[in-house]
Amino acid sequence: MYRLVVVESPTKARTIRKFLPDSYRVEASMGHIRDLPGSAAEIPEKYKKESWARLGVNVESGFEPMYIVPSDKKKVVKMLKDALKVADELFIATDEDREGESIGWHLLEVLSPSVPVRRMVFHEITKEAILGALDETRDMDRHLVDAQETRRVLDRLVGYSISPLLWKKIAPKLSAGRVQSVAVRLLVVREKERILFVPAAYWDLLATLQAGKESFDSTLTHLSGIPLATGRNFDDNTGRLSNNLVDGKDVVILKEDDARDLQDELKGVDLNVVNIDERTSKRNPYAPFITSSLQQEASRKLRLSARDTMRVAQKLYENGLITYMRTDSTALSSEAVEASRRSVQARYGKEYLSDAPRQFANKVRNAQEAHEAIRPAGTGMKTAQELGLSGAERDLYDLIWKRTVASQMAEAVIRQTTVHLEAETSRGTARFRASGREVVFPGFFRAYVEGSDDPEAALENRESPLPSLTRDSALPVRELEAKGHETRPPARFTEASLIKLLEEEGIGRPSTYASIIDTIVRRGYVQRSGSQLVPTFTAFATTNLLEQQFGPYVDTGFTAEMEQVLDDIASGKRESAPYLRALYVGEEGLESMVEKGLDSIDAREVSGIIFEKWAPFVVRVGKYGPYVEQEVDGERVVASIPPETAPGDLTREMLQGFIDEKQKGDEVLGIHSTLDMPVFVKKGPYGHYVQLGDDEQEGKPKRISVPRNMDPSGIDLGTAERLLELPRSLGQHPETGVTLKANIGRYGPYVQHNRTFASLTKDDNVLTVEYDRAMELIAKKEAKNKPLRSLGLHPETGDPLDIFEGRYGPYVKHQRTNASLPKDRPVESLTLEEAVVLIDSKAASKKAPKKRAAKKKTTAKKTTAKKPAAKKKAPAKKK
């Protein structure tokens, strides 16, 4: 009997293939083989005149999706159909979540199998799990499919309905999304808090005390029985005291003069120990990883983005090393618990085991169906070193291993000591406090300690013990420092803290967080600054529009309710079509909101970003980016704002500088020494540049950008002429004889050899860089330009197929055709056959003629696509 098993990826297929007999053929679908049309060119001809065709969803007939097989999947479909022709059974072995169920359902719809179909599910790729799944097959779960389809339709309706409004009212190429727009709003709200923040100053005293041979620090907390204000007592928006009660008493702000007077008065004075408070507490281990907690910890500890975390985790899963990485469940199987406990006892000793096996309650709002937490696959609990892992795979696996093992370890025992000390002053009794912390028994700390989003927060296993002290003892002050403090604005979100908030609010799904963050960065709503996510001015303007016209769609509660509806559909408690109809049509529906917005939204008003601290300036977002606007002598003056400027860092002085520079006009450096033409320094939307000739002359004047490491105000005529003479010839390459050149391009200064362009660093000068330095940079770049993998020769052309690392990720190259690898697809897993499919599909799409519809006014006629015949449910048979 011949059986066909279909999974999503070739890596997964190769791993599973090792565990199955020769009578099983395992093939990969390369993800979804059907989807909604991605462009107008993909819409079937029979639907193109329908009013709803652009959406890809028939909103006039039950919100029926218009599915198509993309051109790059047609060869995959043909391969699967050919394999199915000789198969006696079909096993759908896609992932066990909604996405996997949906991929499996689309396979059945397209392949139309006439043989028995079995749905096999597993959450780890081990021999035991795979063979067990063959014996415990089930039917396709249509409720899960419906939930995923509803999510896809919902995202399409929101994105395709609102995005065109953004193009018309703010700027082209913007996009809205059901979850991404909420995430952007959260970032904007935090940045607004930073803009409105008013800092407050306060002082205290830091005393370093001597106790025998040891010393420790203590801080002044009370004066004459009145608590002193700290950062938490001030209002962020006013800088004034707000939370001004501590232990039922009003706090007082210690001023600098008072702090320095106390410093002088307490020099040489002993502090008396008046109270010692010791408390012992226990810390329980953390739950095993779910998707979101893994992304957060990998961001904090490994500096991995959410996307990179999921890419590495996918590879570990497909190679049979960890369990399924898209899960909301913190549960561990009994086998995993026992394996973890054996590992704890063997590596750390019996005293480090918890008293009983430990399971964790799920705290995720609207937790989706899942079977188990992320853990090492199987029961061997091998370490990363034992598995021979390296790089990011080693680091992430090690994190997962430690977290899993720690979950079955004993609690950590911590002793916290607080000491109060006093001295008399002319202003009354000065009370100081010192705190100490020591780990009495490390417990699970031996294996794992969770990171923190606050870079100044101490990790839980860090010790800072106090020396042994006795009550009523007098301790000499070794040093005394008056310290000034200023309250700080709320911290910007990092990937980890944003994911944490999205999860807490029930917005989106952990499996989508990586793509959400990726999308808002790629669309220009967010810039990365180190680990911070900084919203742009475009994000502010877009959020203005969405809050004004589509308030519910950027409300966290409303978005979380959507997730609950999807959960209800997944469990069969609710139907999709009535929900989508209520959301989209009617007076309060999305369709009506968009139509009203076209008439009512004032583009100039909605693009304005106004804060009192910036007055009299107004910041707006236009077609070419952010700009500042001011009325000067009755005339409107505008100036571009550098797009990398963070809104929260913008000041009135910076805005004045942009205006002043614009009013100053173009600076004429002089007349070119040989060409008898004026030379200018000008500023454009993308920075300063030098121009030869004026704008009135015939033909386009020569221009060249001023490098970022060169001060525009310091450029003289000689420097400008040297810039205009670029490119510079540096000498011939010793192997090729080709001349090396230095020049300035779109992305800044570079050196060039043939088709290799190597960027200069901030320490290099394009006007002075020498031959040897150019050769060094070229050599490094050419080494990087070597393919990541060579796959072999194209069967038809005989030319090589190689994988390279590109600006937007890895891609396959063949002759002059480049084809990107699918998202989350490891480079190592791509086969020659799959690369041929990618290249041929890309080449075919390039050759396809683009049809341009004739512009003519017609009265829209509402017609409904013929609804497909009722879908037959493929029977699933138990073995």
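Guide: Helices here are DSSP runs of at least four residues, numbered from the N terminus, and the model they are read from is a predicted one. Asp840 has its place in helix H23, which covers residues 832–847, and Asp840 counts as buried because its relative accessibility is 19%, where the cut-off for buried is under 20%. Leaving aside residues up to four places away in sequence, Asp840 touches Lys75 and His794, and with Lys75 there is a side-chain to side-chain polar contact of 2.9 Å.

Turning to salt bridges, a search of the whole structure finds 48. One of them joins the side chains of Arg178 and Asp155, with N to O at 2.6 Å; Arg178 lies in the loop between helix H5 (142–169) and helix H6 (180–196) while Asp155 is in helix H5, so the pair ties together parts 23 residues apart in sequence. Arg178 is buried, at a relative accessible area of 3%, whereas Asp155 is partly exposed at 29%.

A further salt bridge is formed by Glu393 and Lys315, whose closest N and O atoms are 2.8 Å apart, and this pair links distant parts of the chain, Glu393 being in helix H12 (residues 391–406) and Lys315 in helix H9 (residues 306–318), 78 residues apart. Lys315 is buried, with a relative accessible area of 13%.

Lys780 and Glu776 also meet in a salt bridge, at 3.5 Å from N to O, and because they are 4 residues apart in helix H22 (residues 771–784), about one helical turn separates them. Lys780 counts as exposed at 51% relative accessibility, and Glu776 as partly exposed at 37%. Elsewhere, salt bridges with shared partners join Arg151, Asp155, Arg178 and Glu563 into one network.

Key: Residues are numbered from 1 along each chain as its sequence is written. This is a predicted model: local features need pLDDT of at least 70, side-chain atom pairs count only at pLDDT 80 or more; totals for chains, interfaces and linings use all residues. Side-chain values use heavy atoms; hydrogens and water are left out. Helices (H or I, at least four residues) and strands (E, at least two) are DSSP runs, numbered from the N terminus. Buried means under 20% relative accessible area, exposed over 50%, partly exposed in between (1.4 Å probe, protein chains only). A polar contact is a pair of N or O atoms within 3.5 Å; within protein, one must be able to donate a hydrogen and the other to accept it, and residues adjacent in sequence count only if both atoms are side-chain atoms. Contact means heavy atoms within 4.5 Å. A salt bridge is a side-chain nitrogen of Lys or Arg within 4 Å of a carboxyl oxygen of Asp or Glu.
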